[in-house]
Amino acid sequence: MADRIWEQTSCRTTDVEGVDRIWAQIDLDALHFNMESMHNSIDPNTQMVAVLKTNGYGHGAVLLMKELEKLPYVWGYAAATFEEARELRAHGAKKPIILLGYVFPYCYEELIKLEIRPACFREDMLAQLSEAAARQGNPVRIHIAVDTGMGRIGIRPDDEGLQFVDKAIHTPGVIVEGMFTHFAKADESDPAPTHAQIALYQDFADRIRKALGYEIPICHISNSAGIIEFPQANLNLVRAGITLYGLWPSSEVSRVKVPLRPVMTLYSRIVYIKECGPGVSVSYGGTYTTSADRTRIATIPVGYGDGYPRSLSGKGYVLICGKKAPILGRVCMDQMMVDVTHIPGAAEGSLCTLIGQDGDECITMEELGDLSGRFNYELACDINARVPRIPCGGSLG
């Protein structure tokens with residue numbers, strides 16, 4: 001399947017005026033396909049949260065938000081930091097935004113002004129939010145984080161946790177809008193730990209209802225793997241993260257239940273070709289030395305300064321003229337060299353596909369993650385701001 005996933009896309013903008021060194025093509029048609037695919041697999045009454053943290057997993061949070069804002073089943077967005085949420089608001093996001101991690105006091109008043117929903121799990125935060133709400137003259141809507149097995153943030157679903165929820169409900173200026181937890185092993189083949197987390201969460205929500213007489217308005221527990229593998233965890237909302245971008249939570253998650261298309265492809269161009277005889281060292285440290293009578297070495301102006309993994313040195317490859325061109329020696333900060341001896345059509349200016357499909361060959365984010373010793377989440381997030389994001393499809397096409 002991996003070598004066919006790009007064939008269905010209608011978006012293939014490989015010649016972009018004014019962009020030659022490196023660019024990430026963002027396929028908005030694929031974005032819509034992934035959202036529809038997930039939405040069609042869940043309960044029709046369940047809405048979706050688009051997780052746009054870390055610049056939309058490296059894909060461009062603002063660009064994607066502007067497309068997702070149009071979808072009626074998208075309840076809102078999730079970010080990791082106040083600054084990420086503020087950027088979305090500054091660029092026109094009208095839907096709710098949830099912050100999934102700890103939120104620091106310096107931003108509470110502006111957070112309330114911008115109607116951003118913080119995760120809450122500390123009593124000092126309740127008090128500080130209440131004070132900030134009083135100064136602003138507006139309430140703050142919070143989503144209580146519950147730790148059911150992730151061991152990260154959140155109250156425990158026990159007596160002490162129940163006391164916290166009771167205090168939150170009765171804190172002036174604070175509205176308990178939602179409650180969430182996060183799966184730790186939903187992307188693994190054994191479903192038992194995830195079933196246990198679901199049960200803990202649901203039992204705690206029932207206890208809040210019976211003991212405190214309060215019905216949590218918005219309950220959400222499913223992440224990307226949960227959307228695919230645990231439909232019983234839909235509840236009011238699901239949080240679409242890695243699957244939003246057409247990438248898989250892990251190799252153990254089904255690729256049949258919810259079809260996806262990659263949203264990002266990554267391109268560059270050859271800037272220089274030289275021919276060498278045997279005994280020529282390539283790149284820092286001379287870790288590769290030519291041995292053939294004739295080797296054609298192409299220089300590509302991309303490196304780890306763009307987020308392309310240095311760990312692909314000597315074992316990664318790019319696609320040129322529909323063929324694999326192995327990386328020679330170490331990947332530099334801004335450049336790398338590849339072998340094009342076997343690609344006679346390769347020339348200065350030729351298109352290089354670093355992630356994506358060229359002819360019958362393709363390089364997936366998952367494959368590069370495996371080759372580089374990372375994984376697809378990390379690889380996507382590390383493609384940094386120096387790389388332009390070029391949209392195609394969606395409302396543009």
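The structure is a predicted model, and every value below was computed from it. In this model, helix α7 packs with helix α8, and helix α1 comes within 11 Å of helix α3, axis to axis. The largest pocket holds about 710 Å³ of space, while the second largest pocket has a volume of about 160 Å³.

**Helices α1 and α3**

- Helix α1, which covers residues 28-41, and helix α3, which covers residues 61-68, have axes that come within 11 Å and cross at roughly 60°.
- Angles from 65 to 115 degrees count as roughly perpendicular and those under 35 degrees as roughly parallel, and α1 and α3 are therefore oblique to each other.
- The crossing in which α1 passes α3 is right-handed, and in it Leu-28, Leu-31, His-32 and Met-35 of α1 meet Leu-63, Leu-64, Glu-67 and Leu-68 of α3.
- By class, the residues of this contact between α1 and α3 comprise 6 nonpolar, 1 polar and 1 charged.

**Helices α7 and α8**

- Helix α7, made of residues 159-169, packs against helix α8, made of residues 192-212, at an angle of about 60°, and their axes lie 11 Å apart.
- α7 and α8 are therefore oblique to each other, and their crossing is right-handed.
- On the α7 side the contact is made by Asp-159, Gly-161, Leu-162, Val-165, Asp-166 and Ile-169, and on the α8 side by Phe-204, Arg-207, Ile-208, Ala-211 and Leu-212.
- The residues where α7 and α8 touch divide into 7 nonpolar, 1 polar and 3 charged.

**The largest pocket**

- The lining of the largest pocket consists of 34 residues, and Lys-53, Met-150, Arg-152, His-182 and Asn-223 are those that lie nearest its centre.
- At least two residues of this lining come from each of the helices α2 (53-57), α9 (224-229) and α11 (376-382).
- Sorted by class, the lining of the largest pocket has 18 nonpolar, 10 polar and 6 charged residues.

**The second largest pocket**

- Trp-248, Pro-249, Ser-250, Ser-251 and Arg-255 line the second largest pocket, together with Glu-366, Asp-370, Arg-374, Phe-375 and Asn-376.
- The lining of the second largest pocket divides into 3 nonpolar, 3 polar and 4 charged residues.

Key. Residues numbered from 1 in each chain as written. Predicted model: local features only at pLDDT ≥ 70, side-chain atom pairs only at ≥ 80, totals over all residues. Heavy atoms only, no water. Axes fitted to C-alpha atoms, helices over the stretch in contact; angles between N-to-C directions. Helix = DSSP H or I, 4+ residues; strand = E, 2+ residues; numbered from the N terminus. Parallel < 35°, antiparallel > 145°, perpendicular 65-115°, else oblique. Left-handed = near helix turned anticlockwise from the far one by under 90°. Contact = heavy atoms within 4.5 Å. Nonpolar A, V, L, I, M, F, W, Y, C, P; charged D, E, K, R; others polar. 1 Å grid on protein atoms, 1.4 Å probe; cavity = no way out; pocket = protein on both sides within 12 Å on 5 of 7 lines; lining within 4 Å. Points joined across faces, edges and corners; volume = space filled by probe spheres on them.
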